[in-house]
Structure formats: structure tokens, C-alpha cells
Amino acid sequence: MKNLKNYNTNIAPTWCPGCGNFLVKALLEKVFAKLSLPKNDIVITYDIGCAGNMADFLDTYGVHTLHGRAVPVAMGVKIANPKLTVVTIGGDGGIYGEGLNHLITAARANTDITTIVSNNCLYSLTTGQTSPTTPKGAKTKSTPQGSLLVPINPLFLVKSANSKAWAEKAATQNPKQLEEKIEKAVTHKGFSLLDIEQRCVAFGKLLDK
Amino acid sequence: MTKAITVKVVGPAGTGIKTSGQLLAQILVDQNYYTHDYTEYPSLVRGGHNTHQVSFSSEKINAPFFKTQILFSLKPDHWQQHKNELEKNSLIFSDQKIEKKINSGKLISFPLSELVKKVGNPITANIICLGTTAFLADLDQKLSLSTIKKYFGQKAKDNLTAFKVGFDFAEKTYQKLKLKTEKPKKKIAKVLLDGNESFGWGFLKGKGDFYAAYPMTPSTGTLHFLAGKAKEKKIVVIHPEDEIAVASMATGAAFAGKRAAVGTSGGGFALMTETVSFCGIAEIGMVFYLVSRPGPATGMPTWTGQTDLLFAVFSGHGEFPKIVLAPGDQEESRQMGWQALNLAENLQTPIIVISDKFLGESIKSVDDPAKEKVVVNRGKLLKLAPKNFARYNWQPACGRSPRTIPGIAGGQFLANSYEHDQKGIATEDALVAQKMFEKRARKEKAALSLTPKPILHGSKNPKKLIISWGSTKGPILEALKMISGNDFGFLQVKTVWPLHPEIERIISKAEKIIVVENNQKSQLTTLLKTKFNFNPDRQILKFNGRPFFPEELYEKFKKL
């Protein structure tokens, strides 16, 4: 079945060499194939940011939404057609910052969608500003004197919004576990959040200061 | 001139003013009168000062009137706020013993507190007034009682008693005050709907199946109406966390194949404008139902104004095609409910339907919407995807390319908020970007043949041409009925964007042109100037939260 195997648009990704998003993309495709999901039955909504730029590289139905809005768009798609597999790809800026209200609502609604967050604790596409998960005191480009805010804990937030929601962590350093968790998140019936710990290869060093 | 009678009930919130007004309208419609009501209420739940008036006639009636013939004050002194609505023969019923001399009208001692004791239920004061009204207006008592029975169902008992108490008291006491009314000559079979419910009906008839809204006066009526119908009609009606989510969810639903609409007022629409823009570039067709109230900011939540025309027309960052429709009355609110859905799928771009509190929340006797025949047009929606499907194919001269929805094999595409190529893939290529801008812009041209055309009411070759849009239609039509002669025409702009060239043809023939708007800056004038390089001779504007009434427009028109 042609529609099963190749989830690629054959456009070369534009991420920095060594970026964790290559792995997230590859594993997502692998999980889709393993689950035998026809690409016409998958809708991926992408936030704005480096992770969201995956939009051009995957050949399923997709919506590259406005910043922060990938989750409510995914909810709209799933409510409109529950037969579809609906996944959101975004970063910590879009999902935990601009769109945090939507994340909480999706968890409360327990809509059967999967939100995958490439969490590198930075706004990276805009070249390195503080994000909702940046450690307090980190000297980023928008906080040269050190970030004043304590970081949020997205898993706690989602679980406290709805204990029935699925929320777990993984890291790009551990590809095997990441693959298992992506599969679990996608197959979970109800809302799922997979927070993927990543390090930005271009601006991550800001966090070391 | 329409021979109409206006009955108004006033008093604090929470005394059943709205119920008695709606019930009076129902009684009248059941006895073949035409009605148009109008309510005023502050943004609170108890206390304050509420009004509900019903203007009715044996002929068609397009607007509520300013002058009140029968005024009920549920608490003494509330009537004093309405002195300027009285005329020589107006009757004011108030529970006070001394009959004061007033400049206009007659103050009648109306022992409401005593009558309520007869019923034994203090919350039936409003229905007692209704009984008195029925006697004064020479309505059929038996038919009226059957309407009340139907309206209240199990809870009818006290209300039936109250109606009889009010009717009998009036029969004994107010024989001489009985009004001369013109009886309806034929059966009219009308139903009562406000603009918001009408829009909801249009949405249902047009096979709308996804409606999202966050409560905001004066648009909430549509959310309530559709939420009540959702189960029976098997549609999705949803109240998300904020207006940004409302609009975002609806884009997801529209992308996935639903006929989607959202409802809000100005402040909520402000939050939705990013989505208007997104729909523009991603070519997602959905409907924004915008029911205005006077801003800026929170403004006056429960009052009216046509203050968001330019905001709607210019909403959303960037350049993209957009349609803005303006229903003039409850019937047009219904029609535009389904027309907007058709346009959304046909043109694959945001469609805004702009109404206001006056139209959205005023109830009128209208044709039964359940019987309306409606054409559902889904535009270029494919069932099968062709080989090498390109969702944003820029070949079509009309700018509209065939689309797929998720589930269709081979139809995968990316709906992109970034500029994109014909497959939806992001691009910054100069040539591709320009071609995409041009493709989308061609849809605005295509829209001119699909959107409702302007309508010229009154004289076909008017010397004096009134131009207006939206809810001013009814008051203007009633004002023109009062004027003798054939000098006046009224050009109703139904599609306020893009403006139809027919407007230019009609204005070029008139000697004097007057723009009427329920706003301060005459926003339609700005559009007409921009599009046709034209300045009206006069503007008649009102911007105090109240709608125009026929009488005040007549006074202004006759001096033109």
C-alpha cells in the first residue's frame, strides 16, 4: 500500500545539523508505519517555530497554523471527524506560551489528540529568547540580566487539569524510549502530551551561562 | 404610513418584562397581527431599568416605533423615564393613587399591587398588564388564553388567572379608554424570531454543522438557539475557552469538511482577527457572525450601534479577499445564514455577516423558517483526488481551486499560514508569492456575481437617495412610508464588501444623496469614498447606543 509507507514529501528538512527534530520526525513516521495508518487519515497540525517547520516535510493532511493555535485547530479537526488520527507538533513557545490556555482546555476536554512538544526551553526560530520552560536566571537574548520567571511544569499542569489525560516526558538522547512514547501517545485514547527534552544546537548554549 | 400601536412595559430587571413582551407578541401573531418588538436593558440581572415594547399592526411592520400608546410601569415612577415617548392620547398605567398632571398623555391609576393579591402570586404582575392590554387593544380573550396556556404549559394556572384578572378589571374600569384598532383581515401564519435566532435558522437550513462561540452580548442568542438544537440536528455546537480558540477550532473543523461558523461581538471579533487573516491565506471558508454593540472596549454591552463596519471590512493583517454581508432585517439574517455558508465554501475565504444588537435581539413576526427552501452549495469540493493533486492550483480564472478534505486518498495537502506554493508548501519565492496573491485576489472579483446585490427600495428614479446598510433598513422603510410623494429612494447595501458597481450607477443618477448610519463617523461613507470617489450631500448619524426610530428619521427626511 503506497499510502502507508512513505510519509515524506521528499523536501530536505531545514533544521540545523544535529537538531533533535530530525529524530522526532523520523520516529513519528516509523510509528505511523508501524500502526499502518494511511496518510490520508492522518492530520497533523503544526505550530510556528522550528518544530512546526516539520509541516513541509511530512506528506499527510496538515495545517501549519498560527503561532499558539495548533492545539485548538487539532481539536476542531478531531471533533469534525473522529475517525482521523490527529497529532500536533510544536515547541515550548507555541504550546506552553502563546497557546497554554488551549493546552489546558484540550486536557480538560480529553479530546483524542496527541500533542508532541519539542521542548528546548528557548524560542529558537527567533534566535534565542526566554520561553515558559527556560530556567530562572537564564541569560537569553530577551533577558540579558537573567530570566525572572520560574519555569512551568507542563506535565503537572496537564495532569492537574485532568488526571485522565496522558502526559509524559521523553528525550532525544534516548531514541528507543522516545519511539515507544510516541507510539503510546499516538495510540492513547484521549488527550496525550509528550514533552520531548531537547537541546537547541544553535542557541542552547545561552542556557549554560 | 403604517397604522401601528405600541405597547411598552417598563420596570426593574427580574420582574418578567421580557416574558410579558414576548407573550404579547405571540398573542398578537396568533391573532394575525404583524409585530416588531424592541427591548432595552442594562448589563445586570436584578434591578435597574428594563423595557420591552411591542409595536403591532394589521399591516406589515418593519420597525418598532418611538411613540408609545400604552405604557405600563411595573413599579411606580419607572414610567417617568419615558416622558418623551408619549403623545396626547398615550395611556400610562402606574400603581399610584394621585393622578398627576403630565404634559403629554394620561396617567392612569392602576392598582397592580391589589390585583396581584387577587391572583395570589406576586410574580404575575406582568401578566396582569397583559390582560389589561388585551382588553384595551380589543384582542380575543379566548384565543389569548390559549396562547398563554401553550406558552407556559404546566405553569400556566396562575398566569391564566392573572390574565383574566387584568382583562376583567380593565373591562370594568377602562371601558372609555379602549383603543380603536384595525382588525387583521387575513390569516398570516407568522412565527416570532429575533435576528440571532433567524441567523441560527439560516445556518441550520444551510446544513451548517459546526458552530462555536464564546458568550458575548448581543451575539449569545445564536449560541443558545443552536446549542438547543444540536442534539436533534446532530451538529456540533461548542463553547471553547476564548474567542481565539473559537475561531481556531472552527478553522480545523472547516478544513476537515464541516460547514462552520462562529459568533461574537466586537471585542471577541478583535481576538478572532488573526484567524480571519489565516482563513484568507489558507483559503479556508468559514463564517464569522459579528453582532455589534457600541465600543470601544467593553463599551455598552446591551445597546446597539453600527460601529464595526470598517473593523470588519479591514479585519485581519495582510491582503486577502473577504466578504462582508449585512442583513437588514430578521428575514435577511436567516437568508444570509445559509448564503454565507455557501459563499464560504464556494469562495474558500472568510465571510463576515455583520449585525447589531437592535437586529440581533429584536423579535419580529416572520415566515416560518422551517418551510424555507434552501440551496446548499459546497463549491469545488472533490470526492476523489486527481493524480498529482495541487490544492492551491492557480490556473482557474476565478481563483477558486478544487479542494479535498482529510480522508480522501491522494488528496493530502498542507493548509498553510505561511505563503505557499500550489501544493501548500511554504515558499518565499518572489514569482510564486505574487502569483498566489493574484490567485486569491481573483476570488474577490468572482464574489461580485455571487454575493447579494444592492437593492433600491421606493422610487426607481429617486431625486433624493438614502443609502444605508444593515439594521437601519426597517426604520428607514417606515419613515419613507410617512412621506408623501415619490422623491425618495433607499439604496440598501446588502454586501458591504466588496461594494458592487451597481451602487455607483444608482448614485450617479440621484440629485441628492444622504447616508444614514447608526454610528459616529459614517463608516459607509468612508467605503463609498474609497471605492467610488464619492461624497454624500448629507449624513444622518446616531451614536448613543439607541437605534433609529421611524419618527425621528421622518422628521429629518422631510427637511431634505
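## Confidence of the model

Chain B has a mean pLDDT of 96, and 99% of its residues reach 70 or more; pLDDT is the predictor's confidence in each residue, from 0 to 100. The scores of the model are ipTM 0.97 and pTM 0.97.

The model is predicted: local features need pLDDT of at least 70, side-chain atom pairs count only at pLDDT 80 or more, and totals for chains, interfaces and linings use all residues. Residues are numbered from 1 along each chain as its sequence is written, chains are lettered from A and ligands numbered from 1 in the order in which they are written, and side-chain values use heavy atoms, without hydrogens and water.

Helix 3 of chain A (residues 70–80) packs against helix 8 of chain B (residues 243–255) at an angle of about 45°, and their axes are 7 Å apart. Helix 3 of chain A is therefore oblique to helix 8 of chain B (under 35 degrees is roughly parallel, over 145 roughly antiparallel, 65 to 115 roughly perpendicular, and the rest oblique). Helices are DSSP runs of H or I with at least four residues, strands are runs of E with at least two, and both are numbered from the N terminus.

The chain A side of this contact (heavy atoms within 4.5 Å) consists of A:Pro72, A:Val73, A:Met75, A:Gly76, A:Val77 and A:Ala80. They meet B:Ala245, B:Ser248, B:Met249, B:Thr251, B:Gly252, B:Ala253 and B:Phe255 of helix 8 of chain B. By class, the residues of the contact between helix 3 of chain A and helix 8 of chain B are nine nonpolar, four polar and no charged (Ala, Val, Leu, Ile, Met, Phe, Trp, Tyr, Cys and Pro count as nonpolar, Asp, Glu, Lys and Arg as charged, and the others, Gly among them, as polar).

## Aromatic pairs

Over all chains, the whole structure holds 27 aromatic pairs (ring centres of Phe, Tyr and Trp, its six-membered ring, within 6.5 Å; planes under 30 degrees apart are stacked, over 60 edge-to-face, the rest tilted). The pair of B:Tyr38 and B:Phe358 is edge-to-face, because the ring centres are 5.9 Å apart and the planes stand at 70°. B:Tyr38 belongs to strand 2 (residues 34–40) of chain B and B:Phe358 to helix 12 (residues 357–361) of chain B, so the pair ties together parts 320 residues apart in sequence.

## Backbone features in loops of chain B

The peptide bond from B:Thr217 to B:Pro218 is cis, with omega near 5°. B:Pro218 sits in the loop between strand 8 (210–213) and helix 7 (220–233) of chain B. B:Gly295 and B:Pro296 are also joined by a cis peptide bond, with omega about -5°, and B:Pro296 lies in the loop between strand 11 (287–292) and helix 10 (309–313) of chain B.

B:Asp138, a residue other than glycine, has a positive phi near 60°. The loop between helix 3 (125–136) and helix 4 (141–152) of chain B contains B:Asp138.

Definitions and conventions
Axes are lines fitted to C-alpha atoms, for helices over the stretch in contact, and angles run from 0 to 180 degrees between N-to-C directions.
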